[in-house]
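Me: I have a model to go through before group meeting, and I'd like to talk it over piece by piece. Could you take my questions as they come?

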Amino acid sequence: LVAEAQQVKAGQSVTLAFVMEPKPTWHGYWENPGDAGIGMSFDWTLPAGVTAGKAQFQVPDTLLISGIMNYIYKGDYAVLVNLTLSDDVRPGPLPISVKSEWLSCTDEICVPEQDELSITLQVVGKDASTVLDKRFDGFRAALPRPLGSEGSFAVSDDLFRLSIPLPANVEVDQPYFFILEDGVVDYAAPQTFSRDGDRLILETGARGDGFDTITGILKIGDHDGFLITATKGDVA
């Protein structure tokens, strides 16, 4: 557990990173692990006036084994969380601790892991200078970028179709849609993409129709992707 800055100020925020370094042949999981696996959990112990935001996950990879699709991280990765300090937090030490659980796997075995992680930051005055950890530039570069427009999706029998607003001049290399909500798509089913002007159309197998809104990541290249939100509607 590392912080982008060791010195923080009241009324501002600081980003923490869970820096994960799997050994060769091992992998971790995205927040929706797919057909198998377990996402990462966070149980924070924070001082008064400090709140933790939602974990931010980098663009994942796929791993298909014997018809079971997993959403994983094959190499080093980081999970980011923003801490926000209220204006009332006073100067001095700021102890942060979190109990985290995750699953580590190879293609053959899985090991549940957990740890109590802690870090002590220093609250400084408004005029104090802070030094930033440059590694966080790389951590953020692997995060999906928010897509400015909303998509639409439709489920008919065993077919899931998703329309994503994406300018025709945006290059797409082996696209893949990682859906966050479980029970909507058949994870192991092939994903077929086609262009319709400034829209990208996905077709894949469906499992259910229980959501009016879905979210996920459209991967368009190596660790390059967009955060997608789509509402139920017509997909031409």
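This is a predicted model: local features need pLDDT of at least 70, side-chain atom pairs count only at pLDDT 80 or more; totals for chains, interfaces and linings use all residues.

Me: How many helices and strands does the protein have?
Reply: The protein has 1 helix and 20 strands, where helices (H or I, at least four residues) and strands (E, at least two) are DSSP runs numbered from the N terminus. The C-alpha trace spans about 60 × 40 × 30 Å along its principal axes.

Me: And what share of the residues is buried?
Reply: Of the 236 residues, 44% count as buried, and buried means under 20% relative accessible area, exposed over 50% and partly exposed in between (1.4 Å probe, protein chains only). The accessible surface of the protein, from the Shrake-Rupley method with a 1.4 Å probe, comes to about 12100 Å², and 49% of that belongs to carbon and sulfur atoms.

Me: What percentage of the contacts is between residues 24 or more positions apart?
Reply: Counting contacts with a separation of 6 or more, residues 24 or more positions apart account for 72%, with contact meaning heavy atoms within 4.5 Å.

Me: Switching topic, how many cavities of 30 Å³ or more turn up?
Reply: The search of the whole structure finds 1, and the largest cavity has a volume of about 40 Å³. A cavity here is a set of points, on a 1 Å grid over the protein atoms alone, where a 1.4 Å probe fits but cannot get out, and lining residues have an atom within 4 Å of a point. Its volume is the space filled by probe spheres set on the points, which are joined across faces, edges and corners.

Me: Which residues line the largest cavity?
Reply: G28, Y29, I38, G39, M40, Y77, W102 and L103 line the largest cavity, and strand 4 (28-34) and strand 11 (92-105) each supply at least two of the lining residues. By class the lining has 6 nonpolar, 2 polar and no charged residues; Ala, Val, Leu, Ile, Met, Phe, Trp, Tyr, Cys and Pro count as nonpolar, Asp, Glu, Lys and Arg as charged, and the others, Gly among them, as polar.

Me: Staying with strand 11, is S100 buried or exposed?
Reply: S100, which is in strand 11, is buried, with a relative accessible area of 0%. A polar atom of the S100 side chain lies 2.9 Å from the backbone oxygen of S41, a polar contact in the sense of N or O atoms within 3.5 Å, one able to donate a hydrogen and the other to accept it, with residues adjacent in sequence counting only if both atoms are side-chain atoms. Leaving out residues up to four places away in sequence, S100 touches F18, M40, S41, F42, E113, Q114 and D115.

Me: What about K99, what does that residue touch?
Reply: K99 also lies in strand 11, but counts as partly exposed because its relative accessibility is 31%. Not counting residues up to four places away in sequence, K99 touches S41, F42, D43, Q114, D115 and E116, and the C-alpha atoms of K99 and Q114, 15 residues apart along the chain, are separated by 7.2 Å.

Me: Where is Y73, and which backbone oxygen does its side chain reach?
Reply: Y73 lies in strand 9 (residues 68-73) and is buried, with a relative accessible area of 3%. The side chain of Y73 reaches the backbone oxygen of Q58 at 2.5 Å.

Me: Last one, which loop holds T25, and what is its phi?
Reply: T25 is found in the loop between strand 3 (13-20) and strand 4, with a phi near 75°, a positive value in a residue other than glycine, and T25 counts as exposed at 62% relative accessibility. Q174, likewise not a glycine, has a positive phi of about 50°; Q174 lies in the loop between strand 15 (159-165) and strand 16 (176-179) and counts as exposed at 68%.

Terms used. Residues are numbered from 1 along each chain as its sequence is written. Side-chain values use heavy atoms; hydrogens and water are left out. On a 1 Å grid over the protein atoms alone, a cavity is a set of points where a 1.4 Å probe fits but cannot get out, and a pocket is an open set with protein on both sides within 12 Å along at least five of seven lines; lining residues have an atom within 4 Å of a point.
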